[in-house]
There are 2 protein chains.
Amino acid sequence: MAEPADLDVLGIGNAMVDVLTHADDERVTKLGLVKGSMSLVDEAQARALYEAMGPGVEISGGSAANTIVGVASFGGRAQYVGKVRDDQLGEVFGHDLRSTGVLYETRRATEGPPTGRCLILVTPDAQRTMGTFLGASVRLGSGDIDERLVARAKIVYLEGYLFDPPEAQAAFRKAAAAAHAAGRKVALTLSDPFCVGRHRDAFLDLLDDHVDILFANEAEICALYEVADFDAALSKVRGHCEVAALTRSAKGSVLVGNGATRVVDAHPVERVVDTTGAGDLYAAGVLYGLSRGFDLTTCGRLGSLAAAEVISHVGARPMMPLRSLAGSVIG
Amino acid sequence: MAEPADLDVLGIGNAMVDVLTHADDERVTKLGLVKGSMSLVDEAQARALYEAMGPGVEISGGSAANTIVGVASFGGRAQYVGKVRDDQLGEVFGHDLRSTGVLYETRRATEGPPTGRCLILVTPDAQRTMGTFLGASVRLGSGDIDERLVARAKIVYLEGYLFDPPEAQAAFRKAAAAAHAAGRKVALTLSDPFCVGRHRDAFLDLLDDHVDILFANEAEICALYEVADFDAALSKVRGHCEVAALTRSAKGSVLVGNGATRVVDAHPVERVVDTTGAGDLYAAGVLYGLSRGFDLTTCGRLGSLAAAEVISHVGARPMMPLRSLAGSVIG
């Protein structure tokens with residue numbers, strides 16, 4: 001019996017609480033991090049990094065979770081799957097998600113590592129550099145994927161970071177299979193160029209058969225196809241999936257699909273404060289647009305709008321209801 | 001044997017992690033809170049309030065802790081005493097304090113209630129309304145006060161909120177006695193008009209004999225003396241303590257001491273974003289100034305400067321090193 005598509009987007013990812021601090025470039029280098037990227041750290045490294053950091057602000061994050069909050073903020077019906085522990089940060093994560101209207105029912109781990117956290121250093125140029133301790137998110141497995149839930153969502157959205165915890169790969173594949181069995185779409189974000197480096201073959205394989213909608217920024221799509229420039233990557237991705245939405249920071253984004261290529265400008269921002277979440281919120285706008293049947297250009301504009309909101313303040317989740325801003329794009 | 005005064009200020013207070021969220025006036029009223037004030041809530045009420053709140057940002061707070069961070073940010077040598085539990089929020093609190101250069105050695109509770117938290121609703125007018133769950137801070141007792149440590153600080157600074165947990169009153173009195181025995185100064189902030197209502201007789205008694213430096217805002221000093229206007233309160237406080245520093249929001253502050261009355265303007269602010277911590281940081285500037293022997297007017301100006309910094313962003317602790325801003329006041 002077919003499930004009704006009563007959800008717009010179901011997101012699956014690594015559940016994280018962000019710990020944001022300000023730092024200068026020198027400090028980022030001294031801490032052994034690569035500016036602008038995400039590095040995986042173990043619990044001991046996370047502790048050392050935290051001790052070397054200035055005072056922090058804790059705020060719920062996680063790439064796909066940020067995206068799903070953005071979809072809900074546009075007025076979309078959205079659910080999230082990701083694993084925290086039964087600790088204080090896990091409680092914070094669940095509260096923040098549910099209080100934005102996102103459905104979230106994943107069973108919390110009652111043993112093992114604490115809730116995952118992402119230590120984020122924001123440099124004066126508003127760039128963010130991340131050290132991620134996966135924590136409890138490594139406990140997400142295929143047992144956490146309810147195929148009937150997946151079948152209820154028009155789009156299932158998976159983050160590339162999910163390929164880092166080994167168990168989650170099985171969850172990823174199970175969700176993708178369930179979505180296609182129900183005639184739904186599968187979306188993937190490549191997440192980070194180093195993440196692409198760690199999982200290139202798997203991602204290329206997924207694109208061949210299992211992914212309909214791809215999100216990537218310029219560095220990630222070039223890393224995937226091992227090409228030096230954006231245009232070469234663009235040629236490769238055409239035909240590799242149904243829709244590809246490729247972001248280029250201040251240069252805006254390019255969307256390809258149905259034989260068409262659409263170039264969308266970045267939405268103007270008065271002052272860029274913190275770029276954390278820019279890609280996540282761009283994906284939120286595009287996914288919301290696709291789930292509601294808007295054309296590619298409109299989808300791209302919704303993405304640009306959401307990204308502009310999130311980079312104009314500290315933190316990776318919108319502070320303004322995106323539906324109140326969307327009027328300028330969808331009338 | 002006399003201890004050297006190698007600390008400028010020792011602060012003692014309720015250790016809190018703030019959970020900040022934005023809310024409109026209607027929501028504040030619906031939640032049963034009195035706008036602009038601090039209400040004490042128990043664990044069940046805190047849970048209900050949290051569930052009714054929008055997504056939050058966790059950031060270390062606690063009135064005296066904010067002040068002590070401000071003193072350190074001016075370049076002062078500062079230590080803090082306050083109780084957290086051995087949980088994740090307790091870890092966050094300790095990290096954030098130490099990473100600003102504050103000394104903090106209070107033993108963490110290993111049982112009992114979790115680390116205290118202060119649920120803060122920021123309304124569109126930048127006003128903050130607080131619901132405080134004292135949590136582990138009720139476990140602070142006289143056993144946590146090291147008289148030799150107190151003797152090493154030029155000023156011991158106590159928050160009025162400390163009178164809410166019954167055990168802490170003994171800690172308060174022990175610290176005040178130790179400071180005077182060593183020839184040091186005792187400073188008190190009245191914290192909140194309702195806090196004054198709860199402890200008026202005790203505060204008046206403390207002012208008679210045990211407090212040298214008093215901090216209060218207009219509402220608090222009027223509540224203390226049960227008078228209707230600021231000038232009447234000002235007449236009462238003259239002679240009641242060595243120095244009184246009274247804040248009046250945008251109207252600036254009035255400092256009285258040594259028979260003199262100094263009126264200091266508020267420091268200009270481009271945009272008031274969140275008033276949380278304004279009084280705490282004003283106290284930081286004045287305490288730093290007094291500990292370094294500046295005149296009353298300069299102390300007031302340092303206070304205004306620090307308050308202006310903290311209300312221009314979200315969160316109750318400075319984001320800029322205050323010593324880098326102090327040049328405009330102390331040359």
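**Two chains, questioned closely**

Q: Which residues of α7(B) are called buried?
A: In this predicted model, the buried residues of α7(B) are P193(B), C195(B), V196(B), H199(B), F203(B) and L206(B).

Q: What makes α7(B) a kinked helix, and where is the kink centred?
A: The kink in α7(B) is about 85° and is centred on H199(B). That angle is taken between axes fitted to the seven residues ending there and the seven starting there. H199(B) is also one of the buried residues of this helix.

Q: How do you know whether S191(B) counts as buried or exposed?
A: Buried takes 20 or more other C-beta atoms within 10 Å. S191(B) has 28 C-beta neighbours inside 10 Å, so it counts as buried. S191(A) has 28 such neighbours inside 10 Å, and therefore counts as buried too.

Q: Why is T276(A) called buried, with its place in a loop?
A: The call rests on neighbours: T276(A) has 27 C-beta neighbours inside 10 Å, so it counts as buried. Its loop runs between β14 (260-264) and α10 (278-291) of chain A. Not counting residues up to four places away in sequence, T276(A) touches I120(A), V122(A), R128(A), G315(A) and A316(A).

Q: What makes D280(A) a buried residue of its helix?
A: D280(A) lies in helix α10 of chain A. It has 29 other C-beta atoms within 10 Å, and therefore is buried. Leaving out residues up to four places away in sequence, D280(A) touches S63(A), N66(A), T67(A), G70(A) and A316(A).

Q: Why is helix α4 of chain A described as mostly covered?
A: Helix α4 (residues 88-98) of chain A has 11 residues, and eight of them are buried. The eight buried ones are Q88(A), L89(A), G90(A), V92(A), F93(A), G94(A), D96(A) and L97(A).

Q: Which residues have the most contacts inside the largest nonpolar core?
A: They are V156(A), A175(A), L287(A), V156(B), A175(B) and L287(B), in a core of 224 residues. Looking at L287(A) by itself, its contacts beyond four places in sequence are V9(A), T67(A), V71(A), I155(A), Y157(A) and A187(A).

Q: What makes β6 and β14 of chain B edge strands?
A: In chain B, nine strands form an open sheet in the order β6-β5-β1-β9-β10-β11-β12-β13-β14, with mixed pairing. β6 (103-104) and β14 (260-264) of chain B are its edge strands, as each pairs on one side only.

Q: How do you know that β10(B) and β11 of chain B are paired?
A: Two strands pair if there are at least two bridges between them. Three bridges join β10(B) to β11 (residues 213-217) of chain B, and the two run parallel. Within this pair, T189(B) stands opposite F215(B).

Q: Which elements of chain B give two or more residues to the side that touches chain A?
A: In the contact, 19 residues of chain B meet 19 residues of chain A. The elements are β4 (57-61) and α4 (88-98) of chain B, and α4(B) gives the most, with five residues. By type, this side of chain B has seven nonpolar, eight polar and four charged residues.

Q: What joins β4 of chain A to β4(B)?
A: Three bridges join them, and the strands run antiparallel. In β4(B), E58(B) is the bridge partner of E58(A).

How values were computed:
Residues numbered from 1 in each chain as written. Chains lettered and ligands numbered in written order. Predicted model: local features only at pLDDT ≥ 70, side-chain atom pairs only at ≥ 80, totals over all residues. Core = buried A, V, L, I, M, F, W, Y, C linked by C-beta atoms within 7 Å. Buried ≥ 20, exposed ≤ 12 C-beta atoms within 10 Å, placed from the backbone. Contact = placed C-beta atoms within 7 Å. Helix = DSSP H or I, 4+ residues; strand = E, 2+ residues; numbered from the N terminus. Nonpolar A, V, L, I, M, F, W, Y, C, P; charged D, E, K, R; others polar.
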